[in-house]
Amino acid sequence: MKVLYFPGCSLKNYAPAYEKSALHVAKKLGIELIELKRWNCCGVVYGLASDSVFHQIAAVRNLIRAQEQIHESGNEKLVTLCSMCYQVLASANHRLSKDPAALETLNKFMDEEEDYLGTIEVMHFVQLLRDYIGFEKIKEYVERPLKDIRVAPYYGCMLVRPKEVAIDDPEEPSILETLIESLGGVPVESPFRTECCGSYNVVVNKDVVKTRVFRIVRPLLRNSADLIITVCPLCAFNLDYGMKLASRDLHGRKIPVIYFTELMAYAFGLDNALEKETLNIFNNLMK
Amino acid sequence: MTVQATVEKVPKLKMVRIYIMGREYLVPEGLTILKAMEYAGYRMIRGVGCRAGFCGACSTVYRLKDDYRLYTALACQTTVQDGMYLVQLPFVPAKKPRYDIEKLKPDFSTILMHFPEVTRCVQCNTCTKVCPQEVEVMDAIQAILRGDIETAAHLTFDCIACGICSMRCPAEIVHYHVFQMVRRLYGKYIAKKSKHLEERIKEIEEGKFREEMDRLVRAGPEEWKKLYAQREIEPD
Amino acid sequence: MSEYPGYPEEFWESIEKVEATRERRLKEVFKRITPEEKEELLRKWHPDYRPEGKRPLRIGPNKGDSVPNEVADLLESHALIDPKEIDLSDIDYDVDVLIIGGGGAAASAALWAHYSGVKAENILMTTKLRLGDANTKMAQGGIQAADRPEDSPIIHFIDVIGGGHYANKPELVRILVEEAPLIIKWHEELGLMYDKDAEGNFIEIHGGGTSKKRMHAAKDYTGLEIMRVLMDEILNKEIPVLEFTPAVELLMDDRGQVAGAILYNLETKQYYVVRAKATVLATGGFGRLHIQGFPTTNHYGATMDGVVMAYRVGAHLRDMDATQYHPTGAAYPEQIVGQLVTEKVRGLGAQLVNVDGDQFIYPLEPRDVVSSAIIRECYGRNKGIITPTGMRGVWLDSPMIEIIHGEGTIKRYLAAMYRQFKRFNIDITKEPILVFPTLHYMNGGVEINTHAQALNAKGEPIPGLFACGEVTGGVHGKNRLMGNSLLDINVFGRRAGIYAAEHVKHASVGKLTLKHIIKWEELLKKEGIVTDRRAPMILPDYRGERVLSRAIEIRF
């Protein structure tokens with residue numbers, strides 16, 4: 001299947017490993033991710049402002065880009081790897097579908113673009129895997145079952161809130177747990193798996209990240225997690241950095257943080273899709 | 001032989017009405033905005049430079065009859081229209097940050113350090129819409145935001161720093177300053193260096209051509225004429 | 001009949017003929033001109049050879065030399081200022097190096113003076129418009145440098161001196177060609193984006209008169225790219241620049257040295273006294289004099305102010321009788337008449353074609369040859385195209401470039417040209433360009449030595465006065481080759497900066513004086529020159545006739 005793909009700035013700047021592993025995994029599964037020809041930053045935090053039509057422009061412009069290219073994929077889905085991008089694009093999409101006056105204003109303002117018709121479906125990659133491939137199918141591609149490696153899923157807040165755009169239950173999501181099982185791993189109970197990692201506070205107020213990450217990670221250490229998987233480059237960064245900040249309170253203990261696509265790549269036997277360091281971590285765990 | 005072409009030579013000159021900062025003037029049809037202002041009596045000091053579309057001195061903003069839109073143009077390259085309501089923007093208040101290119105790294109963090117305001121871009125695309133050089137200004141800022149210096153350098157090459165984008169940007173970015181740094185970073189650190197150039201400079205320093213050049217300088221017109229006639233012309 | 005909406009209907013038949021002959025011409029190489037044919041062509045058709053266009057100078061170090069009338073008008077003029085109105089005891093700026101000009105030569109001089117040890121605050125650049133407003137920004141095609149192994153400074157030297165009719169000063173040519181690779185290296189280090197292939201090799205092509213491919217280009221914005229990077233460095237180094245403040249007269253001291261200049265703020269009308277140990281003239285060319293009524297490629301301020309001011313302190317001029325007309329100035333539409341259509345268009349394969357679609361000259365002969373050939377074709381053989389405003393021109397068949405180098409070449413390497421014509425509804429990838437010679441370059445100027453010092457009639461350096469760039473004479477002889485001006489401003493701008501820096505180490509300035517202006521006025525009287533002309537010109541005046549007939553100065 002072909003799907004239009006929105007990478008987002010974080011991916012290109014800070015998480016090449018996430019994109020690389022995702023593209024390899026997608027290819028293995030028969031999904032061709034077609035990167036949008038021209039795209040711009042989703043608008044991030046500004047794009048979440050619900051009272052400002054102006055701030056939706058960034059997100060909607062990307063939806064228009066997708067609209068321009070639907071003939072290439074044959075469908076109206078737009079997939080993204082970054083949870084923040086998912087949140088911003090999906091929220092803007094949803095908000096404007098409920099507010100035709102705002103959509104009309106936006107379309108009038110963006111007079112150099114074609115009108116956005118509101119029919120693009122924004123999806124996160126993990127959501128695409130669940131709904132259009134299915135975890136049973138994914139099991140078939142596993143060449144290297146994870147030999148009971150203990151994997152803690154961390155969802156963060158962007159994929160499961162608010163209700164209108166959540167891809168799973170906000171209190172008890174299970175999509176990542178099911179994924180881990182289908183790869184042969186053991187999902188570790190992760191009580192704070194939907195708590196915010198601290199997000200952009202890592203720039204302005206590191207204590208927030210330190211406290212939250214400590215709270216998230218401590219039970220994972222207690223539950224002997226070997227790995228933490230995430231769906232967002234900022235979460236990945238914050239978890240890793242937060243463990244450093246809180247290392248005294250964690251008694252110097254750490255858990256490696258990887259992207260769910262890297263886990264999949266390893267299970268699928270796609271070693272060349274992984275960074276050397278990550279491959280080493282896996283290989284050591286498998287011994 | 002009279003070489004000068006001027007629209008005033010055309011018989012039965014048709015006139016159009018333009019408004020320079022609100023004051024009405026009748027000027028011959030077919031003049032550029034710049035020449036129309038001079039026809040009207042302005043001896044230009046600001047707002048004129050190369051008169052050929054390369055220097056960005058003559059940024060002009062205007063409206064047309066019964067049209068709410070704001071249009072932008074270079075006065076030296078744009079023909080007047082009846083009802084044109086115009087003003088020039090000969091200066092942008094924006095001091096460039098000082099930097100030493102030798103000490104910079106070619107990545108996003110460098111741009112962020114000198115121009116933190118680029119993160120304020122809301123992707124409204126106003127900058128692209130007003131650019132008289134058809135530069136994809138917003139796309140260039142976006143490329144910079146994701147650390148793609150090379151793409152941004154190529155996208156902004158035709159920028160003549162006219163400043164209209166910066167005057168209209170709601171995020172108060174001064175695009176042409178950012179772009180100048182990005183292009184230099186690309187040219188210095190990302191584009192590969194020429195090996196032949198290094199070799200040739202060494203040859204010259206080592207005096208490879210000195211003797212022959214000494215002789216050539218003293219040779220005189222007769223000898224030069226001979227050598228010139230004997231030149232081997234490299235085919236295209 | 002095909003339609004070409006950007007062009008008037010009366011052109012369409014001729015354009016069709018151009019299209020019809022194109023295939024044949026793609027395989028055709030027009031015969032190169034012989035030295036005898038060249039001499040005859042120039043003598044009969046080059047504007048320089050029209051006796052009505054010139055007259056002998058009646059005053060100054062070049063008295064008796066034949067120069068264009070417009071040049072003589074400016075040199076045989078009164079000063080703008082009255083020394084009695086200037087208080088020289090009140091010095092506004094006291095600096096080591098004063099650089100008059102705002103273009104490539106001025107910027108190179110400033111930077112190299114700084115690199116050579118002069119502190120930024122002891123340098124002052126002053127210019128009549130903005131920093132960077134100069135002919136430099138408008139140069140399109142490229143800069144020459146012999147850096148390929150198949151090429152050498154020796155070959156470059158021969159190209160230059162032959163193109164210059166052997167009238168160049170050989171020691172200056174030597175420096176030009178030997179220091180060229182150094183300049184390109186400097187530019188590379190500054191981060192200039194020259195066209196390169198994936199391995200980092202410069203993409204180099206032919207220019208008019210070159211025997212080897214050595215034109216380095218940055219698309220067709222080469223001058224703009226050089227200027228904006230140099231400007232960026234001037235600002236980074238915080239070298240002080242005064243804008244909209246032209247120099248109106250050079251200052252001397254009581255020891256016969258040039259000691260600075262009087263500047264004039266065009267907006268506030270205030271004058272400034274600048275005392276300087278070294279003064280560098282980098283004032284560019286004279287396009288806005290519209291010699292013999294030609295339109296020009298030059299920027300608004302190209303009025304040879306530096307030549308005028310230098311002449312009054314005794315500088316000797318060279319080759320002022322050699323005016324370069326660029327063969328391909330735009331001849332249509334009227335809005336852009338005279339604007340440069342870069343030689344690179346010919347460098348990439350476009351041919352010059354008359355109204356019948358036939359070639360009449362090899363496109364890459366030196367500029368004076370091609371210009372004369374076009375004038376002959378239009379006025380001698382009457383095979384040109386005549387525009388609605390009476391302008392004549394020939395076709396430059398740009399669509400050939402797309403055929404030779406592939407579709408997209410023009411949009412990629414001639415982006416500026418493509419855009420310039422598209423604004424007027426002409427697509428140069430599909431339609432030929434109408435061209436006619438346009439006033440382009442001042443081949444001659446203030447004579448300098450290898451240290452960029454200005455020389456008097458005896459060949460001695462005038463103490464304290466340096467000059468570089470288009471304002472100087474001797475580098476290019478009677479005719480400059482394409483790509484050597486961008487080279488000239490960098491090479492000699494650099495030298496002016498280095499040697500000015502050296503000069504200021506030991507220099508000291510005496511009592512400031514404008515006595516040389518009083519002497520000048522007396523000399524005008526003595527030579528019987530009666531005129532109300534004043535010089536330097538500073539800016540041309542294009543105001544409409546009606547306005548000029550009714551404009552008066554009122555004090556309020």
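In this predicted model, A:V45 has a relative accessibility of 36% and therefore counts as partly exposed, since that class lies between the 20% limit for buried and the 50% limit for exposed residues. A:V45 is located in helix 3 of chain A.

**Chain A as a whole**

- Chain A contains 15 helices and 8 strands.
- The radius of gyration of chain A is 19 Å, which agrees with the value near 19 Å that a compact globule of 287 residues would have.
- Of the 287 residues in chain A, 55% are buried.
- Chain A exposes about 12,400 Å², of which carbon and sulfur atoms supply 51%.
- When contacts in chain A between residues at least 6 apart in sequence are considered, 78% of them join residues at least 24 apart.

**Aromatic pairs in chain A**

- Over all chains, the structure holds 31 aromatic pairs.
- The pair A:Y18 and A:Y259 is stacked, because the ring centres are 4.1 Å apart and the planes lie at 5 degrees.
- A:Y18 belongs to helix 2 (residues 16–28) and A:Y259 to strand 8 (residues 257–259) of chain A, so this pair ties together parts that are 241 residues apart in sequence.
- A:Y18 and A:Y259 are both buried.
- Ring pairs also link A:Y18 and A:Y259 with A:F125 and A:F260 into a cluster.

**An aromatic pair in chain C**

- The rings of C:F294 and C:F436 are stacked, because their centres are 6.4 Å apart and their planes are at 15 degrees.
- This pair links distant parts of the chain, 142 residues apart: C:F294 is in the loop between strand 12 (271–281) and helix 9 (305–312) of chain C, and C:F436 is in strand 18 (residues 433–442) of chain C.
- C:F294 has a relative accessible area of 0% and is buried.
- C:F436 also counts as buried, at 1% relative accessibility.

Terms used
Residues numbered from 1 in each chain as written. Chains lettered and ligands numbered in written order. Predicted model: local features only at pLDDT ≥ 70, side-chain atom pairs only at ≥ 80, totals over all residues. Heavy atoms only, no water. Helix = DSSP H or I, 4+ residues; strand = E, 2+ residues; numbered from the N terminus. Buried < 20%, exposed > 50% of the residue type's maximum accessible area, 1.4 Å probe, protein only. Rg over C-alpha atoms; globule rule 2.2 N^0.38 Å. Contact = heavy atoms within 4.5 Å. Areas by Shrake-Rupley, 256 points an atom, 1.4 Å probe, with all protein chains shown as cover. Phe/Tyr/Trp six-rings, centres within 6.5 Å; stacked < 30°, edge-to-face > 60°.
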